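Dear colleague,

I am passing on the structure we spoke of, with the sequence alongside. Could you look through it with the notes below at hand?

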Amino acid sequence: MADKIPKFSELPVDKSGPHHNAWGLYGKDDQLGTLNRLTDDIVKAASSEIQTSIRIGLDWPLDAQKDIPLFGRQAFHKEVYQKPPRIVNDDVWTFNTQSSTQWDGLRHFGYQKEAKFYNGVTLDDIHGTNGVEKSNVNGIGEWSKQGIVGRGILLDYHEWRIQQGRDHHAFETGSISAADLKQVAKEQGTEIKFGDIMLIRSGYMDAYNKLSRSEIETVRAKQPLTFTGVEQSDEMMEFLWSTFSAAGGDHPSFEAWPTQKDYALHEVMLGGWGMPIGELFDLEAVAAHCKKVGKYSFFLTSEPTNVPGGVASPPNALAIF
């Protein structure tokens, strides 16, 4: 399938649309974007990654940020209640899907100047003129029908940069280059294949876990919030476009934040290509296992929650070795 997608230099597909878009590549009504790359053959080939059947979860707890999630988002609340006279409990959860590990869906972040989401969907297409949800178009429920399943690779940038003696400041704006990620893969001995689901361990989660509550509150109060993430550049976009079906990492923004260019990767990846962005993945346990066995590829399964018209979802993700 790699030979059937346009080269990065040939984008945009829709010449009347925003920069670097791939609108219409999979049809004008497509809601899967780059998940179309996860063909039966690619998923079947990925299953060969299962050698030991060791399974490692990739989701952070839904309440991991407690009552102080970043970006001013709502905290997770759980109510467990009894149903007397039976010995029975039910529970009710309320939470913002961006407050813990998540896949950003295609109605989360659009092209800002053009005010368009993937395949040209507008705010009016989603909300209607009176603020009442008009349709489920580009909803994350579409992704639950087949899941996000394929060959996952971990690029442990954090471990690599320590070996290189490089400084890293998770809570300051900084960029991770495409060249560095390719070098991480090379030194890990990880072959990158078309259709892979890439997860980057930047070091954010390791740094966050060492903060006190007061330090987290200081980070949260900063405006704008600042994080190290992947760089905004043609080289990074070409790296992402040419290879992956989805991409994510262990930090809140995936890309360097705030953006260092006049565009955000979120615009292009979500709004232009329909490429899922994973954020706040807990990669600490899987990184330790990868280092132990010397293997950074695995079979990845993820089923986003089936919420028609949903914006984002916990990934419910497992790495299987």
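This is a predicted model: local features need pLDDT of at least 70, side-chain atom pairs count only at pLDDT 80 or more; totals for chains, interfaces and linings use all residues.

I begin with helix H8, residues 265-273, in which nine of the nine residues are buried, so that the helix is largely enclosed by the rest of the structure. The buried residues are Leu265, His266, Glu267, Val268, Met269, Leu270, Gly271, Gly272 and Trp273, and what covers them includes strand S4 (102-104), strand S8 (228-230), helix H7 (234-243), strand S9 (246-249) and strand S10 (277-279). Just after H8, Gly274 adopts a positive phi of about 70°.

Within H8, Gly272 has a relative accessibility of 0% and therefore counts as buried. Once neighbours within four places in sequence are left aside, Gly272 is in contact with Asn21, Ala22, Trp23, Tyr111, Tyr118 and Glu267. Of these contacts, Tyr111 lies 161 residues away from Gly272 along the chain, while the two C-alpha atoms are separated by 7.8 Å.

The side chains of Asp30 and Tyr118 make a polar contact at 2.7 Å, and, not counting residues up to four places away in sequence, Asp30 touches Asn36, Tyr118, Asn119 and Asn138.

On the H3 side the contact is made by Tyr157, Trp160 and Gln164, and on the H4 side by Asp180, Gln183, Val184 and Glu187. Helix H4 also packs with H7, where the axes come within 8 Å and cross at roughly 45°, so that H4 is oblique to H7. Here Ala178, Leu181 and Lys182 in H4 meet Glu235, Met236 and Phe239 in H7.

A search of the whole structure finds 14 salt bridges, and the following are among them. Arg213 and Asp67 meet through their side chains at 2.9 Å, N to O, and this pair links distant parts of the chain, with Arg213 in helix H6 (residues 213-221) and Asp67 in the loop between strand S1 (55-57) and strand S2 (77-82), 146 residues apart. Both partners are partly exposed, Arg213 with a relative accessible area of 43% and Asp67 with 45%.

Glu142 forms a salt bridge with Lys145, with 3.0 Å between the closest N and O atoms; Glu142 is partly exposed at 28% relative accessible area, whereas Lys145 is exposed at 59%.

A further salt bridge joins Arg201 and Asp156, whose closest N and O atoms are 3.1 Å apart. This pair too links distant parts of the chain, Arg201 being in the loop between strand S7 (197-200) and helix H5 (204-208) and Asp156 in the loop between strand S5 (150-155) and H3, 45 residues apart. Arg201 counts as buried at 8% relative accessibility, as does Asp156 at 3%. Finally, salt bridges that share partners join Glu49, Arg151, Asp196 and Lys295 into one network.

With best wishes

Terms used. Residues are numbered from 1 along each chain as its sequence is written. Side-chain values use heavy atoms; hydrogens and water are left out. A polar contact is a pair of N or O atoms within 3.5 Å; within protein, one must be able to donate a hydrogen and the other to accept it, and residues adjacent in sequence count only if both atoms are side-chain atoms. Contact means heavy atoms within 4.5 Å. Helices (H or I, at least four residues) and strands (E, at least two) are DSSP runs, numbered from the N terminus. Buried means under 20% relative accessible area, exposed over 50%, partly exposed in between (1.4 Å probe, protein chains only). Axes are lines fitted to C-alpha atoms, for helices over the stretch in contact, and angles run from 0 to 180 degrees between N-to-C directions. Angles under 35 degrees count as roughly parallel, over 145 as roughly antiparallel, 65 to 115 as roughly perpendicular and the rest as oblique. A salt bridge is a side-chain nitrogen of Lys or Arg within 4 Å of a carboxyl oxygen of Asp or Glu.
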